[in-house]
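Here's a quick tour of a few spots worth a look. Have the viewer open while you read.

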Amino acid sequence: MAMTALRREGRRFLLSPIPPNPSTAARSTMLSEDLSLLGIRSISTQVVRNRMKSVKNIQKITKAMKMVAASKLRAVQLRTENSRGLWQPFTALLGDTPSVDVKKNVIVTITSDKGLCGGINSTSVKISKSLYKLTSGPEKETKYVLLGEKGKVQMVRDSKNSIEMTITEVQKNPVNYTQVSVLADDILKNVEYDALRIIFNKFHSVVSFIPTISTILSPEVVERESESGGKLGDLDSYEIEGGETKAEVLQNLAEFQFSCVLYNAVLENACSELGARMSAMDSSSRNAGEMLDRLTLTYNRTRQASITTELIEIISGASALTG
Amino acid sequence: MPSQSHHRGESFRERWGRRISFGGGELRSSVVMASAAAGSSAAVPFWRAAGMTYITYSNICASLVRSCLKEPYKTEAATREKVHFAISKWADGKPEKPTCTLREAAKKTSSFQLKVTD
């Protein structure tokens, strides 16, 4: 109360604006001076205060997003680990040969619909593009099937003409096998392929997601490869029930394998997305906290400088009176 | 020779001497079975002859099993049947209007119509 009275007294004696001290101006670049009608400049902390408020809000939001992602991750991680048992027998039987050389390749890239999840979508897209270059050549044809909004947006920029289909809104309801198998069925019906390559981020732990390629061959290519020996060459030594001819069995197996591998890939990618979002939001809240610390220091400096200026004005005014 | 909507299994089919053409691709299929010229006379399972893939077949079986469940488990299992995604095909670098499928797998498979002419 006394301070405000003194302040008013001090102001009455100032008729000319006090030039700002260049050292204070250099020290705190957040100084804002507003010229009042009397031509008096006062240092305002309003700008800094606004920034601090918004940074604090952002910190709260990112912390909340991290918590949400962490809780969702726990549930999806369990399902992902259980779904790994679906494709492991297939790989044991049919092998996974990414180096197979075929004419028609279809690259199925799995990305997320929502953003703020770090760099996983960009890495998937980068790998798809390099795989495209790797598998293209004379008489060869490569097409994309894109799951997820983020992948579509990035691919549309330069590879529009090689996109066969895009699929979005996969994660609207919790992912179940039926949904993915219907999706797989749609893909199989609409694209011609000799080899399908699924690109997704495999979930190893909360901080590590490894981009992975799974290759699924069409039945004819499996026949061809089994004739040339190797893992697939042992296929004839198995007695398989459920089909009369080998080709028919291979057809069923190939379709089912695609469905299972796609299911696992979608779940793994969802896990990786949540994990990446957790770490992105965590580093974001940490940065916001550091920013807040720096802003608080600036705010205090500005506040103290303005108080000092007031005091100087008052004292010099008082001494001008007495002296 | 391959028809407009070339199903990817056609070349495999031709090898076994049967001509199967698909119109419309999605739910309705008309199956024309030419008599086997050469190749195997092995009977294809009925669902393959009708144009279903193994995936569709196993989904139908799964939904049949789910509908056999008793009450508290039945509603739990129904949540595992929900299908929703928006798919859009691209032609010449342009997307077509996405078809939104919000349906249960059972509904899709039960509306599967097929005509088999011999």
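What does the accessible surface of chain B come to, and how much of it belongs to carbon and sulfur atoms? This is a predicted model, and in it the accessible surface of chain B is about 7300 Å². Carbon and sulfur atoms account for 59% of that.

Staying with chain B, its secondary structure is made of five helices and five strands. Walk along the sequence and the order you get is α-β-α-α-α-β-β-β-α-β. The chain has 118 residues, and 35% of them are buried. As for contacts between residues at least 6 apart in sequence, 31% link residues that are at least 24 apart.

Now over to a helix pair in chain A. Two packed helices are described by the angle between their axes and the distance between the axes. Helix H7 (residues 219-227) of chain A and helix H8 (residues 246-322) of chain A have axes that come within 9 Å and cross at roughly 120 degrees. That angle is why H7(A) counts as oblique to H8(A). The crossing of H7(A) past H8(A) is right-handed.

Who touches whom there? From H7(A) come A:Pro219, A:Val222, A:Glu223 and A:Ser226, and they meet A:Lys246, A:Ala247, A:Leu250, A:Gln251 and A:Ala254 of H8(A). Sorted by type, the residues of this contact are five nonpolar, two polar and two charged.

| Residue | Relative accessibility | Class |
|---|---|---|
| A:Asp186 | 9% | buried |
| A:Glu169 | 30% | partly exposed |
| A:Leu116 | 54% | exposed |

Which residues is A:Asp186 in contact with, leaving aside its neighbours within four places in sequence? They are A:Met165, B:Phe85 and B:Ile87. A:Asp186 sits in helix H6 (residues 177-190) of chain A, and it counts as buried because its relative accessibility is 9%, with the cut-off for buried being under 20%.

Most residues other than glycine have a negative phi. A:Leu116, though not a glycine, has a positive phi of about 60 degrees. You'll find A:Leu116 in the loop between strand E3 (104-110) and helix H4 (120-135) of chain A. A:Glu169 also isn't a glycine, and its phi is positive at about 60 degrees. The loop that holds A:Glu169 runs between strand E5 (163-168) and H6 of chain A.

Key: Residues numbered from 1 in each chain as written. Chains lettered and ligands numbered in written order. Predicted model: local features only at pLDDT ≥ 70, side-chain atom pairs only at ≥ 80, totals over all residues. Heavy atoms only, no water. Axes fitted to C-alpha atoms, helices over the stretch in contact; angles between N-to-C directions. Helix = DSSP H or I, 4+ residues; strand = E, 2+ residues; numbered from the N terminus. Parallel < 35°, antiparallel > 145°, perpendicular 65-115°, else oblique. Left-handed = near helix turned anticlockwise from the far one by under 90°. Contact = heavy atoms within 4.5 Å. Nonpolar A, V, L, I, M, F, W, Y, C, P; charged D, E, K, R; others polar. Buried < 20%, exposed > 50% of the residue type's maximum accessible area, 1.4 Å probe, protein only. Areas by Shrake-Rupley, 256 points an atom, 1.4 Å probe, with all protein chains shown as cover.
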